[in-house]
Amino acid sequence: MKKRFSRVAATVLICLFLLPLSLMLKLPARAAGDLPFFVSELSLAGGATFTPSTDARYHLALPAEKAVFTADDIEPVAAEGASDTILISLINRSGATKVRVEYQYVEHGPKSEFAQAAILPESEEQQTILLSAPHISLGASHFTLTFSGNTESGKEIVLCALYNTSAYREKEYDGVNNVSCRLDRETETIAVSGEVSFAAMVRYTGETLALFSILPSEEVYLSDKTPLAKMDLTAQFSFSVPAINAESVFSRYIVAIRTKAGESIPLSAPLYPAVSFETPAAFSAFKGLHTAASDAALSAGADFEIVDVYLDKLHGAQGSGILYVGEDAYYYFNEAYVSKLDFAVKNLCGAGTAVYLRFLISPDADDLSYTPYVDDASQIAYKSISVRDRWSLYALYAVTDFLTHRYAETENGRISGIILGRRLDSAAKYNYAEPSSLADYAQDLATTFLLVANTARQNIPDVRFVLPFSDRVSYPEDFTAGKTREYDTTFLLRSFLRALSSCTTAPPEFSVMLESESPPSLVAVNDGSTYGVDRLDVFMETVRALSSTYGCLQNKILFAFLPSADLSPDALLAAYTLQYLTLWFSEDVTAFICDLSPLSEEQQEAMKGALNYTVRKIDSNGGDTVVARALGAYGISSVSEWNAAHTGAELLRRRDYEFSLTENAYSSGVAPIGTYRLFDFETATGTLGWYAAENCHELSVLSGADERFLSAGMAPDSANAYSAVACNFPQRLDFSVAPYLRVKLKFESTVKVPFEVQLLMLGEGVSIFSDALVSGGESFELFLDLSSVRSDLSEISCMRILSRTLSGESSPYVLEIESVTVESDTRTSEELAALMTLQKNDEDGEEEEKRSRRELVTAILVTVLVVFASGAAATLVAVQQKSKKGRGEKDPFETKRRKQ
């Protein structure tokens, strides 16, 4: 009875204490026309006051020589959820380099707190700073704003906004220390361990320690949950529970006190299990050209390409397509759409291009569990991906697992990375999400990222992850509240990192990609509203600072340029070239991608035509030529004229050669002494590694009147489009021993027109383009003399044959490849056969023969084992029968037979 009375009295006293505090915290919502300030006036140390007014809506001028400002009875702005941040937006024309905020609040008596941050001095740019203020909503009263540094007299600081918001969603848990939550893949268990604090040991003596799990979307409410495991309260604790499915791996785990009365009191923050994998592979590809079709990247010699994957299009109709059996559900994936992805990934990887899948969702996709619903999608470019419940977790897990498993090996192409969406800071259009505060949006991104990253790395341990942001600098005043669904890039990144580090002890590593529409200032007027290449160092200062605090953020970024449709061809080439040069010599950028995909097909075609030669040549032995061509209008004729510290030789990454295919013979004086048929379709049972590339819809080996040949059915989808077949060499071939090529071809077409043929050979650091004009209808031979570049033929990884009609006809036709032969002027046919067969590593059927032999040996061994086991079993049964009969026992099998 005494205990009950004490509890009631304590409850009454707490309520009496909290009543005035709760009244203070009932913050009135500000009208839409109010200024973004939580103070009605600021007072200078000298006694003058400054009051915001509707006439000077966003500016409150403060002379810098009076660098300390105070206010009493501040009124925090009403915000969704608890405020934890002070936002200051200003223009600092003075030399001040630091801003400090101090405020008083009430929590069991008056307390004070301060936070400070660096600001950019002597600038006309509007800067926005977020300062952590976890107690700003708790009856805040006195407020001091201090600027320090070289505050010159007569120069002012213009205060544009000053209010509280929610940028970090954190709750302090002080019941346990050194908590570890990880997935142990060897034992397939979730291991949670740590130390109970001394205060918690004293407070909860005699109670039980318990482990709970909650889904990503669930609130931390444990009263209705059953513990996964329990133990007596001790200073050191360790739990281990089975990781039975995706839900186990992607739930959060909480250590709590379970009282005798059945109450659950959390002691630790909810943590996702940390998953350890290999360090992501280093970036090896720099130059990218992204369009709706992969052929543009291949023809331009790009070594980096993005393949857009629309997750809504990936899902197939129920009961048809590729069946994927998931944890608690099964899914069908659209076979036609997957085939298109297969083609793009395999085609690019075969040419040595690093492929990054970009996960996107169409604006009108409304039947996916992991996308937000919207009535009108007319202003939306893409939807966001988020995990809301158990079913969205399963579905997103299935999609990620399916794609990364499919593109983990060389058969379909092995991807290098995954890009999550587009412009994550713009949740109004490019990553449409439901309205939420900056903190909640960042937490949703962190949950989604963890799910995708940990799932993908199960299949590709060294896969890279990229989070894309726009490069805008200015934002609406209330972006942190989520009303406009527009968020500041640097603050969203900061909030995301804080959310990520607070919900797992070992976050996966990732990189940032900036998507910029701003051309360099030499080409067009840059109004300062974006970072672009001209102001990239400002953004990199933030990245480097965050990277030093959060090790999971790589301190090097990717940069994507999205040119606007109104750029003239000359301006486009200049913008591309200037950015390429700037970023190539930057230590902060690992890849540069010119992204044309947002443009219409017609606009893409026009820009591809203008860019192709420049992109292909800029990092090759023709680099200086394209620089002079692109920047000639600005008086720049070489890389050294652009920047005296650099030379064109520093750009060289590839040797790019162009040759003409000749008919009937090699050039005079060439007399090969040895020949080797690289692809012998006479004895082939398959296509010998050749596969359908762009606009090739049917590929098979057929028999004609004279010999067997590879038949490629070409169906161009637009006028003057190339069609292609390709072959990748798993083991790179050394063609330097046989630098003369002879290809026997034939075109079958209903329209008698001339054809253009291109033979491409791609290898480590080299691209060889050769072409010819031929007529259709009859077989012909094309000859290619590569002896002048013999030293660059040692590691060829891909061969491609492209063709198109010169008349612009898009009618279907058939390309017949009868043979591809290499010839040498130094080695005999026998020597070539031995060398090339060894190099090709059984590609001409020996691998199939070996596989057949292995299968035959396996079958024989299995047969022998079965016979042996059967004989042994029969002998054992006979012995047992004899033994049982000798003992007078009944045969149980005989009894069963009688019953039957």
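Predicted model: local features only at pLDDT ≥ 70, side-chain atom pairs only at ≥ 80, totals over all residues.
Residues are numbered from 1 along each chain as its sequence is written, and side-chain values use heavy atoms, with hydrogens and water left out. Local features need pLDDT of at least 70 and side-chain atom pairs count only at pLDDT 80 or more, whereas totals for chains, interfaces and linings use all residues.

**Salt bridges**

A search of the whole structure finds 35 salt bridges, each defined as a side-chain nitrogen of Lys or Arg within 4 Å of a carboxyl oxygen of Asp or Glu. Three of them are listed below.

| Pair | N to O distance |
|---|---|
| E218 and K225 | 3.5 Å |
| R422 and E515 | 3.0 Å |
| E818 and K744 | 3.5 Å |

The salt bridge of R422 with E515 has a separation of 3.0 Å, N to O. R422 lies in the loop between strand 23 (417-420) and helix 8 (438-459), and E515 lies in strand 25 (residues 511-516), so this pair ties together parts that are 93 residues apart in sequence. Helices (H or I, at least four residues) and strands (E, at least two) are DSSP runs, numbered from the N terminus. Both R422 and E515 are buried; buried means under 20% relative accessible area, exposed over 50%, and partly exposed in between (1.4 Å probe, protein chains only). R422 and E515 also belong to a network of salt bridges that links them with D308, R358 and D595.

The side chains of E818 and K744 meet in another salt bridge. E818 is placed in strand 40 (residues 813-824) and K744 in strand 35 (residues 740-749), so the pair ties together parts that are 74 residues apart in sequence. E818 counts as buried because its relative accessibility is 7%, while K744 is partly exposed, with a relative accessible area of 26%. In the salt bridge of E218 with K225, E218 is partly exposed at 30% relative accessibility.

**Strand pairing**

Strands of a sheet pair through backbone hydrogen bonds, either parallel or antiparallel. Here two strands are taken to pair if DSSP finds at least two bridges between them. K744 has E781 in strand 38 as its bridge partner, and strand 35 is joined to strand 38 by six bridges in the antiparallel sense. Strand 38 (residues 780-785) also pairs with strand 29, again antiparallel, over two bridges; within this pairing, T662 has F783 as its bridge partner.

An open sheet of four strands has the order 3-10-5-8, with antiparallel pairing. Its edge strands, each pairing on one side only, are strand 3 (60-63) and strand 8 (126-132). Strand 5 (residues 85-92) is joined to strand 8 by seven bridges, and I91 stands opposite Q126 in strand 8.

V670 is located in the loop between strand 29 (662-663) and strand 30 (674-679). V670 is partly exposed, with a relative accessible area of 22%. Not counting residues up to four places away in sequence, V670 touches Y740 and D785, where contact means heavy atoms within 4.5 Å. V670 and S787 are 117 residues apart in sequence and 9.7 Å apart in space, C-alpha to C-alpha.

L323, V325 and Y330 make a nonpolar surface patch of about 330 Å². Such patches are made of residues with over 30% relative accessible area and no salt bridge, with like charges joined within 9 Å and nonpolar side chains (Val, Leu, Ile, Met, Phe, Trp, Tyr) within 5 Å. Accessible areas come from the Shrake-Rupley method with a 1.4 Å probe, and for residues only the protein chains shown count as cover. Y330 lies in strand 21 (residues 330-333) and is partly exposed, with a relative accessible area of 47%.
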